[in-house]
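Student: I have a structure to go through, and I want each label tested against its definition. Can we begin?

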Amino acid sequence: MTALLDPPSAPSAPEPTPQIDDVPRSIDPGLPPSDRIFFGVSRVIGFSVFIIMAAIGLFLGFQSIPTFKRYGFSFLTESAWQPDKDVVGISAVLVGTFTVALVAMSIAFPLALATSLYISEYAPAKFKSFLVSMVDLMAAVPSIVWGLWGFFLIQPKAIHLAHWLHTHLGWVPFFHVDTDPEASPWAQTRYAASAFIAGIAVSMMVLPMAAAVMRQVFSQAPVGEREAALGLGATRWGMIRSVVLPFGRGGIIGGTMLSLGRALGETIAVVLIVSPAFDIKFRPLEIGTSTISQLIAGRFGEATSSQLAALLTAGFVLFIITLIINTLAAMIVARSRSGAQE
Amino acid sequence: MTTAPEVNSLIPTYTDAPATDVVHVRGGSLNAVGVSAWFGSNKVLEKVSLEMPANTVTALIGPSGCGKSTFLRILNRMHELVPSAKLSGQVLLDGDDIYDPGHRITETRKRIGMVFQKPNPFPAMSIADNVTAGLKLTGTKIGKSDREALIERSLTRAGLWKEVKDRLKEPGSALSGGQQQRLCIARSLAVEPEVLLMDEPCSALDPTSTRRVEETIHEIKDQVTVVIVTHNMQQAARVSQQCAFFLAQLGTPGDIVEAGPTTEIFGNPRDPRTEDYVNGRFG
C-alpha cells in the first residue's frame, strides 16, 4: 500500500483485477525423470506378478475345459481315480487334502500362537532375535527334509499316539480306525502312513509363516494401551488378553489362513508319508489318504494326454481353493485394526 | 522417618464429605528416597528425594529431558517396563518400599494409578467397560448394581458423567480427545487408588478440556494424592499445592533444584535457576 506515502496525484484508473477462472486448476508439478523411470520399472514388475498369476489361472482353466466337458459335475463328486476305466473324480482327494490340512493346522495354530506370544511378549530382549531367526530357519528347511523327518523320526512314535487316541477317543468318528485297538499285538501298520502323520510334517512347514504374521501384529499392539492395562494393575497375561490378543485378532486369523493355503498345497512330505487311498473317509489316524498335490505328483510321469488334462483340472481346483483362502486371509488382515494402521 | 507427623497433620477431616459411595477418603503418602535411574549406562536421575504428602497435589516441573517423567514412572513401577531401565533408592508408599521384593507389582500399580500423556482408552471396549476395565484386569468381582454405581461415581468424579450417561455402550474411541482423557481418569479412579500419577495429562488437549481436567484434579485431591508432571507453568500454579523443579545440566543426570510449596516456588524461589524457569526465561 503505497497510497499513504505518495502525495495525492491525478486520480489514476483502478487497477484491473486479473481474471481468475473458478475451476479446479492443475497443481501437479510432474515427476523428475529419475522418479519416472523408477515408477515405470516398479509398475511393470508389479503388474507382471499379476499377469503371471492370471496366466497360470487361465492356462489351468483352459486345460480343464475338456475334462469338465467330458465328466461334468461328477468330476467333483466321484471318488475313484481310474483313468483306464474312464472314471476320474476328486471328491476323495479333496477330502484327503482338507483332512491333512486340518490336522496340520490344529497342530500348527496353537504352537504358532504360543511361539509368537512368547517371542513378542515374554522372551528377554537378547534372546528374541535368536528365536526369531530360529523360527525363520524352520521355514528354510526344505520340505523333503520335513518329509523324511516325518517318515523316519515321527512315524514310529506317532503310531503309538494314534493307537492311544483310537483306544481312548475311538468313539469319536474322527479318531476311529478300522481295526480292533484291543487286539494284541495291535495292528501297527493300520496306523502308519496316515493323514495324521503327514499332517504333523506339514504343520512344521506352515508354522513359521503363521508365527511370523502373528508376531508382527502382536509387536504392533499400541504401547499406550499396554501401559494403560499394566498401570491399572493387570498382570502381563491380563494385559495380553485385554490388549494384545484383541488387537492382533486379524493377524491371528489371517496368518492361520495363509498357512492353511500353504498346507493345502504341500506335496512332497505327503507323497513320502502317506500311502494313496481313494475312499472318502474322515479317519485321519488310519492308513492311507490322498491329496490333490500328491495325486498330481504321483500320476504325472505316467499320464497320457487325457489323464494329464484330468490332473491339470485337479490342479485348477486346488488353485481356485487356495486363491479364495488367501484372498480371504488378505482381506481379514487388511480390515483388522492391526493391518489398517501404518 | 520424619514424614509421619507432617503427613498426619495434612490429612483433612471431612465432616461434610458424603459418607456414602466413597470407599476411602484419604490418599496415600509417597516418599521417594535417593532415587537414581539409568537407561542402559546413561544415568538420567541422580539421587532424587521428594516427599509427596497425602491429599496434596504435587507438580513436577522442568524443561524437557530433565527426568521428571522418568521419576513419575518410577513411582508406580512403570519405569522397569523399558528393558534397559535400572534404578536405585526407595519409594515409600505409606512408609512401605514399593520395590520391596515382598510386594506384588500388580498390587502396587493398583494402589498407585496413572494417567498418561496421550489418552489411551481401550478402543474395543465401551465407555462403561473402559471404566471397569481395571476391576476386570485385577480380577475384582463386582455385582451388577454396584458396577453401575461405580461407573456413575467414577465418571462423575472425572467430570464426564453428564456428557456420556446416555451413551455408555458406545466405544471409548468415539469420544473427543478431552473426553477420552477424562475417561482414562475415571478408569484410574474406579480401582480406588491411593495415589494418582498424571504424566502431562493435558498436553494433547484443548484449553476447555484442560480446564475440565484441572477441575477434576481439584475435586479428587480430597480422596487421592496427585502427582502431576506438566510443562505448563500456569497449570502447575493453578492445580498444585507443592512443586518440585527438576533440571538436568548438559551431560549430567536430572535432579531436583528446588521443591516446596507452590506459592514459594512461584512467588519467592530460593534458586535463581528456578526463578528464571518459572518466569519463562529458559526452558
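Tutor: Start with the salt bridge: a side-chain nitrogen of Lys or Arg within 4 Å of a carboxyl oxygen of Asp or Glu. Keep in mind that this is a predicted model, where local features need pLDDT of at least 70, side-chain atom pairs count only at pLDDT 80 or more, and totals for chains, interfaces and linings use all residues. Side-chain values use heavy atoms, with hydrogens and water left out, residues are numbered from 1 along each chain as its sequence is written, and chains are lettered from A and ligands numbered from 1 in the order in which they are written.

Student: What makes Arg73(B) and Glu227(A) a salt bridge?

Tutor: Their closest N and O atoms are 2.6 Å apart. The limit is 4 Å, so the pair qualifies. The count between chain B and chain A is one salt bridge.

Student: How many salt bridges does the structure hold over all chains?

Tutor: The total is 22. Among them is Arg147(B) with Asp129(B), with closest N and O atoms 2.7 Å apart. This pair links distant parts of the chain: Arg147(B) lies in helix 6 (residues 144–157) of chain B, Asp129(B) in helix 4 (residues 127–131) of chain B, 18 residues apart. Helices here are DSSP runs of H or I with at least four residues, strands are runs of E with at least two, and both are numbered from the N terminus.

Student: How many residues of chain B and chain A are in contact?

Tutor: Contact means heavy atoms within 4.5 Å. By that test, 19 residues of chain B touch 17 residues of chain A. The two chains bury about 1500 Å² between them, 69% of it on carbon and sulfur atoms. Buried area is the accessible area (1.4 Å probe) that two parts lose on being put together, summed over both.

Student: How do you know that helix 8 of chain A has a kink?

Tutor: The bend at a residue is the angle between axes fitted to the seven residues ending there and the seven starting there. In helix 8 of chain A the kink is about 55 degrees, centred on Arg249(A). Now check the span. The expected value is 1.5 Å times one less than the number of residues. Helix 8 (residues 236–265) of chain A has 30 residues, and a straight helix would reach 44 Å, but its end C-alpha atoms are only 38 Å apart.

Student: Why are strand 2 and strand 5 of chain B said to stand at the edges?

Tutor: Two strands pair if DSSP finds at least two bridges between them. The open antiparallel sheet in chain B has the order 2-1-4-5. Strand 2 (42–52) and strand 5 (96–97) each have a single partner strand, so one side of each is left without a neighbour in the sheet.

Student: What makes strand 4 and strand 5 of chain B a pair?

Tutor: They share two bridges, in the antiparallel sense. The rule asks for at least two, so they pair. Leu92(B) stands opposite Asp97(B). The two strands form a hairpin with two residues between them, and Asp94(B) in the turn has a positive phi of about 50 degrees.

Student: What is the sense of pairing between strand 1 and strand 4 of chain B?

Tutor: Antiparallel, over eight bridges. Phe39(B) has Ala85(B) as its bridge partner, and Val33(B) has Gln90(B).
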